[in-house]
Each structure stands twice: as structure tokens, then as C-alpha cells.
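Hello,

Here is the model we talked about. Please have a look at it first; my notes on the contacts follow.

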Amino acid sequence: MSEVVLDQVRKVYAGNVEAVRGVDITVPSGAFCVLVGPSGCGKSTLLRMIAGLETITSGDCRIAGGRVNELEPAERDIAMVFQNYALYPHMSVYDNMAYGLRNRRTPKDEIDARVKEAARILEITPFLERKPRQLSGGQRQRVAMGRAIVRKPKVFLFDEPLSNLDAKLRIQMRVEIKKLQRALGVTSVYVTHDQLEAMTLADTLVVMNKGLVEQAGAPLDLYEKPASTFVASFIGAPPMNLIPVEAAEAGPKVTGLTGGKGLPVPAGGAILGIRPEHLVVTTDALPEGAVGLSFPVTAVEAVGAETFVYGPLGGSGQDIIARLPGKALLEPGTPVSVAATRDHLHLFDKDSGKRIGA
Amino acid sequence: MVERKTIFSYLPHLILLIGIAVVAFPVYVAFVASTWDPATISNGQMPLRPGPHFLENYYQTIFVGTSRTTREPVGGMMFNSLVMALTIAIGKIAISIISAFAIVYFRFPFRMTAFWVIFVTLMLPVEVRIYPTYKIVSDLGLLDSYAGLTIPLIASATATLLFRQFFMTVPDELVEASKIDGAGPMQFFRDTLLPLSITSIAALFVIQFIYGWNQYLWPLLITTRDSMQTIVIGIKKMIVTQDALTEWQIAMATAVLAMLPPVLVVILMQRLFVKGLVETEK
Amino acid sequence: MEKRVVFDGKLLPYALLLPQLIITLVFFYWPAAQAVRQSFLIEDAFGTSSQFVWFENYAHLFTNPDYYRSMLTTAVFSILVTVFSLSLSLLLAVQADKQIKAAGAYKTFLMWPYAVAPAVAGVLWLFMFQPSLGLVSQAIRSLGFDWNPTLNGNHALSLVVMAATWKQISYNFLFFLAGLQSIPKSVIEAAAIDGARPARRFWTIIFPLLSPTTFFLLVVNIVYVFFDTFGIIDSVTGGGPAQATTTLVYKVFSDGRLGGDLGGSAAQSVVLMILVIGMTAIQFRYIERKVQY
């Protein structure tokens, strides 16, 4: 069992800068937890506190039940994959992987067996005698993973490990990391700012903002029930349309919007959220509770499988994005009406941005 | 770029060749003089081609020395110069790299004070504190010793600054990876930082070897015994004010021998030399 | 600029700094402090007692015509060596920069004098210009010019200037060549398309872009002339004839050794220290823009 538990963890830097403001996260043994958020949200600091590279100002960090706050990184039984890989440039691939084991006085033949096994899994056996600079980006990435694997640690930590790779390689490595983690069953904490990476990798997805956890849970739960406008706009691409609406007797009210009867808009108004992919072109009468939006098309982006349509709501309001399947035959300048059903509508508090209702 | 070929296209080459010739001329003359007999030189009729006494003159220079002035074999002087140059170069690198390591990779009280104490020595070249330094070395009983010759010259702000600058470019993640791999500070220094610094160390070695070999004022003060003389001092002592006494063929052979090691180092380690020169001046 | 990641250690960093600090304190700070102290003292003839005399040594120094003469010599010497070595090496570097293929070879043939000890360089030039048997001096004399650096102060100074310039060309050449090679080719090509002829391209584009290198070399050369030419002067002229080649640094050396005037020599050292601090400050201002300390 190697559960990772963060209990009210805070990090205050010199000059009273609060990078992490009381975070509770539990990563069950063997789970893959992804921390995602914009830069400066505290996700990397949190990871580095688990690694022991930053001190914890207050709160507890527990790995496999034991408090590790005061332990050196080497004593925590963790392994880390860095953004720039941090391979020792003067050591061969083999030595890079063996270094940590040698420092722990692991017997020579065991080191050899473990390094060869990791190399086999990662398919880097032919490069074992090379120096990091003789490797491609993807190969270096594998060595960095290998260095983590040979240690057989309780926890893997990943600090944006794919951000230095090109788009194609990133997708390939993403799939491999996931497969590898499944196969080894090692508890993992992974930091990224890429929401797609976060969605595809995570068992538990933690969205962070300004040093706090905005929402944590299964990726699809976050997609379907974002707890705040921040999560709503961070998860999913293109981001959710967030339309400020006023309250009226019949439901929400704003120029260009129809329907929405029975939507519990508070008296002071609210923010209505609709994902671009949930908007469909319609000229029929709206079903019960559904919302219709009409706007003049200002831009059309056809990418083949789908088409993105842009335009200001009601001709002058908030810019709306609709994601329509296939090739939508729309010309800029023509008016269009789209609709979303009741179960695809999200309502958020006007001021706090918190979700209203379930 | 397209530029019409004219007779002027060859002008740069001509200028450079003249430049090289002018720069090389004094050394060539010295070499020629080292291959003639004293009579040919002193009557002012020395031809501009090497003479027949090459082996004889160099044998005398290295193993016997001048017959009238210092009478020290130059071979011994070269050995002294070599000891001095190597000690200064290695000593400077050793004490600078560890002090830069302390300043960059630790946080401790008086860290910046230590940095400035070292930095200010840039402004205290030996030339401005000649006699007080001499007095200390003499009080410590280090006159006419290799220690007195070298130790006062191995403190170096430039080398410390160079290493500090290089360490700043080493990614922090390597330290973190080392920590996770269970390496302590000295292990990180030995296993990672030192191997990464090899080029800087080599470049600095080339520059400091030349610096050490060419020292003049300091050995002039510190050495009184002929057997402690360095080759650069030796030449100077061979040239006597009464010209008739100067054995020019020996002096010039000594000059050639004095130039040979540092010049070879520069030419053979050209890349390191240029790197060292550019970096130490930053 | 500071490291984000550091090691813990209480005594280790001090242990690592110790050798450097001991040498620095014993051989740099203590003597420098002694120089300052001595500059306020006058010793009696036997060196047995000394008396605190405030600024008397300095007053004595600044009323001594020899000191002003030495200052003038130093200034003339600095200006001549700096101007000659900078212009000659710029000329050579510009020519070498044009030769893309041969630049490396020219570099090799021009950089080695850096490795020659100043004192040895002095001896080489002394031999060529030695009045009775020197090759060059015989050529000069055969033209009817009475060349004698051992008697004529101007001749002696020009000989020292030649040797010092010769030695410094390689250093300046390397830095100028590096500076020239770092100017983007596209800028020069744009100037060519704008119709600038080669000479005009040099003065309007290349030379201004080279100015940081030039300024840096200017300061380095002045420092070089002040301190590193000691060996040249001592081997060629020994400061003479009649102190015509005695620079400020040489004077500290010769006054202290020959005259035994430790107080006066110390006062001179202090004046020099102030000069070095000034020059280092200038150099540092320039450095600051490139490197952050």
C-alpha cells in the first residue's frame, strides 16, 4: 500500500507569498492523480513538496501512512521525472539509470538486472551506452522514465514530463505512460497544464487555481459537473460558453436567448454555461427547458470532422462558439440559431462563480 | 555576397601575411641567433638564416648555462618554471572551484561577505602591494621556496567568478535529481558538477599555466638563490649591461626555450585557450 | 541571480571557502593594509623606529617632479600602446574576418604571442634594437639615424612601446575577430543592398556594432600597460635612461628596492590602488550589462 495523502498542506515563501493555501488530496494506492491548472497555481510546488524538494510550511504529507515532512528526498522512496528530464549529461544512459541504485548500495548484479529490465520495457536497450545528447527528445524521455522505474519506488512523480516533446510524440508517450503505470501499479502524481493530457491520464483529476483545489474527482465528473466557472472553462476545448444572464419570470434573460423556462436563476442574475459541442442547429420549437441562442455568424473554422462557428450573441453580446459535427454549410454574415437541451445547461453564481444546483 | 574579383581581392591576404611576418620576425631572429657562435653575433654580421651551432648552443644552454654570468643550467630553471606554472594553475583551480561551489550551492551566514572578500582581490594586483607582501612571505620563512613562489599567487577572484558563472548555468533539476538519487553535496560535486566542469577547468588551466609560467615580478623578489630561478628571470639575468659580457646565443636559446612550452600549449589547445581567454575576461 | 535549489550544510561551506579565504587574507588584505599603514609612517635610517606623519609621504610624493614625470611617461606609454595595438589588431581582424576559410589558420598564426612572457618579449626586441649588434638598429644606423635606446630616452620609450604593442596584438585580435564574427551577416547584407560600399559599411555599420568590444579592450589594454608591462620595462630598459621609461608601477618597485623609502613607496602603492579601483569600477560597469552578479 502506498497511498499519498496531503493534509492541509500550505507553502508560504519568503515575503509572505502564499503559493499553496491549504490543500487536501488523497491519492489511493496505485492510482494516477493528475494536478492541472494554469501556471502559478501551485501545482508544481505541491509536487515538489511531495518530493521533498520544497519544505512544507504547515500541514502533513504522508506516503504509505508515514509522515514524510522532515525526510530528505532520497529517504521518501519516490522517483521523479522532470520537465527537462534532468539527465546527467556526462553519464551514459546505463549510468544515469544506475546512479540512484549505486548511491543506495544496491548489489551490482541486481542493478544490472533492473537497468536491463527497465531498458527492455522502455525499448531503449540499444542506447544504453550512449550519452543523453546523442538521443532524440523521445528517447531522453524514456531514459528519464527508466531512471524512475529502476528504483521501484512507492510513488512516481511527474513534472510536466511531455511538454518538451512535439505534438505527435506527446500523444504517443502519453499513451505509453498510462500503459506503463497500469502495468507497474505504482501510485503516481502527475503535473501538467494541458487539460487534454490531464483528462486522458487521470484516475483522479485535481484542478488547482491560486493555490487552492478548485475541484477534484474523476475526469468525466469534472467535465459533466464542473464545480465552478474556472473548472468549466479549464476543462474541455474549446472552452464552455459562459453567458451572464439576468433573472426573469420565464427563466434566464439576455438578448439573443430564448427558452430556458424553469431554470432556477437567482434574483440577481447568474452565469449560464453551455459547452460548444452541446449546441445544435435547430429551427424547430424548443423542447421543455431547452435554451436557444441566435447570433450572426462572424467566423467559420472547418477542420474536416467538425466545424467551429463564432458570432456575438443577439448581434452585439457575448461571443459564442458552437462546435457542429461535419461540414456545416454556413457563410459569415448569415444568422444562425442553435439550441441546447436542459441537461446540458450549467448555472453558476454571478459573483463567486460556484455551481448552482446539482 | 557577390563582389567583383579584382586585384584588390588579394589585399586582405597580403595584409595578413605582412602582419604574420612582422609578428613572427622577432622570434625568428631569436631562433637564428641561438644557432650562431658568439663572434658572429657580436660583430653585428649575423645572417638571417640559421647557423651551424644549433645542437651545441642548446646543449650548453640546457645542461651547462652561461659561462660568465649566472652559470645555472637552463634545464633546472625550466623545471622551476614548470613546478611554478603547474602549482599555480592547479592550486588556483582547486581552491576556486570549491569556494565557488560553497557560494553557489549553500546558504549560510556571511555568504555574501565571503563573496565580496574574494571579489575585491581583483583590485589588489601584486604590483600595488609588492613590498608588504614580500615582507609577509619573508616573515613566514618562505623566501626561495616553491611555496613562497606560488601560494601568494593562487588566490584568484577571476577563477572563482568563472566557476560561479558556470555553476549558475547548471540546471537546478540536476541537483534535485541527485538529491532524489540519494547523493549528498560532496557526492553531487564529485559525480556531477566536476565532470560537467571539465571543459571550463581545462580552459582555465591553459590560461593559468601561461600566467604562471610567465610570472616575472614575483619570482624576481622571492628568489635569491640561483637554483630557485625560473627561466623568465634567468634570461633577464643573462643580459648584462656591459654588452660585451652578454652571451647572446645562450640568452636567445633560453628565450626560445622560455617561449616554447606556453606557445605550444596555446597552439595545441587553441579551442580551450580561446574559451578560457574569453571566459576569464567576462 | 541565485540558485533556487541548494544543499543543507552548517560547517561544510565554511570548510570549502577556508583555503581561498586564508590565502586572500594573508597575502592580499594584510599586505594592502600594511601598505596603507606604512604610507602614513616614516622610518628612521635603520628601520628600528617609525613615526606617524599623517600625509607627509603623500605631500612629499605630490611635490616631487619625478613623480609627475613618471605619470606623464605612464600616460604617453598607455596611449601609444593602446592606440597602436588596437588599430593594428582591428586592421588584421577585419581582413581575417573576410576570409571565411582561412580565418582559422590566420588566427592560429596571430594568437601565439599572447603566450610569450612580457620579459621575454622585451628581450627579443632588445636584441633586435641593441645599438651595437642589433639587426634592426644597424639598418636604422645605416640610414644615418643615430639610434641609441640606452642613451636616448625617446628611443628607449619607443622600443618599449613596440615590444608592448607586439605582445598585445594577439589578444586584441582574438577579441576583435570574435566581435566581428558575432555581427549577423544579414545586417551587413542589408547595408549592401541599401547601397553602402565596403568602406562605408565598415564605418557606419560594423564599427558601431563593434563598439562594446572596442570599449572593453580599451580598458583591458590600459590595465595591461599599467601592470603587465613591468617585465618588458625591466628587461629592456630597467626604467632608464634617466628614468625615461619609469612608469608608476615601475617606480613603486625601484623606489622601494633601491631607495629603501618604504613610506614613499607605500604611498605610491596606495595611489595605484585607488587607480585600479577606479579602472575596475569602469570595467565592472561594462561587465554588468553582460553578466549579472
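The crossing of α1(B) and α14(B) is left-handed (the near helix is turned anticlockwise from the far one by less than a right angle; clockwise would be right-handed). On α1(B), the contact uses B:V27, B:A30, B:F31 and B:A33. On α14(B), it uses B:W248, B:Q249, B:M252, B:A255, B:V256 and B:M259. Contact means C-beta atoms, placed from the backbone, within 7 Å. By class, this contact has nine nonpolar, one polar and no charged residues. Nonpolar covers Ala, Val, Leu, Ile, Met, Phe, Trp, Tyr, Cys and Pro; charged covers Asp, Glu, Lys and Arg; the others, Gly among them, are polar.

This is a predicted model: local features need pLDDT of at least 70 and side-chain atom pairs pLDDT 80 or more, while totals for chains, interfaces and linings use all residues. Residues are numbered from 1 along each chain as its sequence is written, with chains lettered from A and ligands numbered from 1 in the order written.

Now the chain contacts. Between chain B and chain C, 80 residues come from B and 81 residues from C. The chain B side has 60 nonpolar, eleven polar and nine charged residues.

Helices (H or I, at least four residues) and strands (E, at least two) are DSSP runs, numbered from the N terminus.

Best wishes

Methods
Contact = placed C-beta atoms within 7 Å.
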